[in-house]
Amino acid sequence: MNLMKKRILSLDIFRGLTVALMLLVNNPGAWTSLFPALSHSLWDGCTLTDLVFPFFLFCVGASMVFSLARFDRLDSKALLKIFRRGAGIFLVGLFLNACYGNLSHLRIFGVLQRIALCYIAASLTVLSLRSPVKILAAIAVLSLSHVVLLLVLAGPEGAFTLEGCLARRLDIALVGEAHVYHGYRFADGTPAPFDPEGLLGVLTGTCTALAGYLAGTVLRSDEEPSRKIARLYTWAALSLVLSQILGFRIPINKPLWSVSYVFYTAGWAAFVLAFITWMTDVKGWVRPFTPLRAFGMNPLAIYTLAELLVILIGGVSGWIDPVLFLLFHLALAMILYKRNIVIKL
């Protein structure tokens, strides 16, 4: 059977757009001096770059609507599939970290590890609860748990600060200071061991995946495209408003994957997905999006190859290199697309 016939076009395009952005923001070369949006916020706030990872997790959740559709309940076959795929993604992430060398300081967490843990948690939640209303309740419980843990176990510097957040102390206690990310700095300028993909953020990262799952249920429904789009736009607006309300007390913060950040990024993800669905399902604009669709069919393979290439060449630099880097991976994605090859774990 042609695998493309079993896929949702707008979701593939959205996932492909996310992969393309991920390749660019991870390897911007000298472009960051020209386009500040290609850099992460130092702490609070959200740039274009800070949208990319949650968009990818949102896509993971939306895809679960289709990948888990054959399971009626959480039985042994479902558990085997979930944990085997989750473990595979986690190990690929760990392998990429190991490729940087110095195993005595091997970083345990990372982007793929966060995706793996959130995929497992979200899949177990979905197959246990099934109902969208119950899944919304699960998002509320996970979000509240994250806030309570940060507030109750905060250091004297504050719950949402680098110095006082529970997330940093938890990861160091679990895996040791040598095995977390060291790219942040305290207010006094000294290096700070803190992992933005650490364990506590799995709670709210799972919320992002579950929000994607709910969007996927809309795409999979038999409603008219216009009704699907209207529902996604409505959810997007409500999520963005809620993020601003929460933002008065809980800063939008990507390193902590704060609750306000969850709703802010999920709102924008739903908005972009609705817009792409309108362009493809209503306006019929399909061919112009072929390159993004190609990226979206093999996201893990393209991302992993890109990371290995960066490790091999020692990073992307120069104003033209990011373009060549993106085009090189697009060419590979198009080869896979033309041959109808979908690489999965």
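The model is predicted. The protein chain has 345 residues, and 49% of them count as buried. Its secondary structure consists of 12 helices and 2 strands. The largest pocket holds about 1,200 Å³ of space, and the largest cavity about 60 Å³.

**Overall build**

- Read from the N terminus, the elements follow the order α-α-α-α-α-α-β-β-α-α-α-α-α-α.
- The radius of gyration is 20 Å, which agrees with the value near 20 Å that a compact globule of 345 residues would have.
- Along the principal axes, the C-alpha atoms fill a box of roughly 55 × 45 × 40 Å.
- Among contacts with a separation of 6 or more, 72% are between residues 24 or more positions apart in the chain.
- The accessible surface of the chain is about 16,100 Å², and carbon and sulfur atoms account for 67% of this area.

**The largest pocket**

- The volume of the largest pocket is about 1,200 Å³.
- This pocket is lined by 42 residues, and those closest to its centre are His40, Arg107, Tyr181, Pro196 and Glu197.
- Two or more lining residues come from each of α1 (9–26), α2 (48–67), α3 (76–98), α4 (111–129), β1 (184–185) and α11 (299–313).
- Helix α2 gives the largest share of this lining, with 4 residues.
- Sorted by class, the lining of the largest pocket contains 21 nonpolar, 15 polar and 6 charged residues.

**The second largest pocket**

- The second largest pocket has about 810 Å³ of space.
- Its lining is made of 31 residues, with Arg7, Ser63, Ser67, Arg85 and Lys344 closest to the centre.
- The elements that supply at least two residues each to this lining are α1, α2, α3, α4, α10 (290–297) and α11.
- In the second largest pocket, the largest share of the lining is the 7 residues from α2.
- The lining of the second largest pocket has 19 nonpolar, 4 polar and 8 charged residues.

**Cavities**

- The chain contains 2 cavities of 30 Å³ or more.
- The largest cavity, of about 60 Å³, is lined by 15 residues, and Arg114, Ala167, Gly201, Pro255 and Leu256 are nearest its centre.
- The lining of the largest cavity comprises 8 nonpolar, 3 polar and 4 charged residues.
- The second largest cavity has a volume of about 30 Å³.
- Met22, Phe56, Val111, Leu112, Ile115, Pro299, Leu300 and Tyr303 form the lining of the second largest cavity.
- Helices α4 and α11 are the elements that give two or more residues to the lining of the second largest cavity.
- By class, the 8 residues that line the second largest cavity are nonpolar, with no polar and no charged residues.

- Asp12 is part of helix α1.
- Asp12 counts as buried because its relative accessible area is 2%, and the cut-off for buried is under 20%.
- Leaving out residues up to four places away in sequence, Asp12 touches Arg7, Leu292, Arg293, Gly296 and Met297.
- One of these contacts of Asp12, Arg7, is also among the residues closest to the centre of the second largest pocket.
- Thr161 is located in the loop between α5 (132–152) and α6 (166–175).
- With a relative accessibility of 24%, Thr161 counts as partly exposed.
- Thr161 is 118 residues from Trp43 in sequence, while their C-alpha atoms are 8.4 Å apart in space.

**Residues with a positive phi**

- Trp257 is not a glycine, yet its phi is positive, at about 50 degrees.
- Trp257 sits in the loop between α8 (225–246) and α9 (259–282).
- The relative accessible area of Trp257 is 0%, so Trp257 is buried.
- Asn340, a residue other than glycine, also has a positive phi, near 60 degrees.
- Asn340 belongs to the segment after α12 (321–338).
- Asn340 has a relative accessible area of 25%, so Asn340 is partly exposed.

Conventions: Residues numbered from 1 in each chain as written. Predicted model: local features only at pLDDT ≥ 70, side-chain atom pairs only at ≥ 80, totals over all residues. Heavy atoms only, no water. 1 Å grid on protein atoms, 1.4 Å probe; cavity = no way out; pocket = protein on both sides within 12 Å on 5 of 7 lines; lining within 4 Å. Points joined across faces, edges and corners; volume = space filled by probe spheres on them. Nonpolar A, V, L, I, M, F, W, Y, C, P; charged D, E, K, R; others polar. Rg over C-alpha atoms; globule rule 2.2 N^0.38 Å. Buried < 20%, exposed > 50% of the residue type's maximum accessible area, 1.4 Å probe, protein only. Contact = heavy atoms within 4.5 Å. Areas by Shrake-Rupley, 256 points an atom, 1.4 Å probe, with all protein chains shown as cover.
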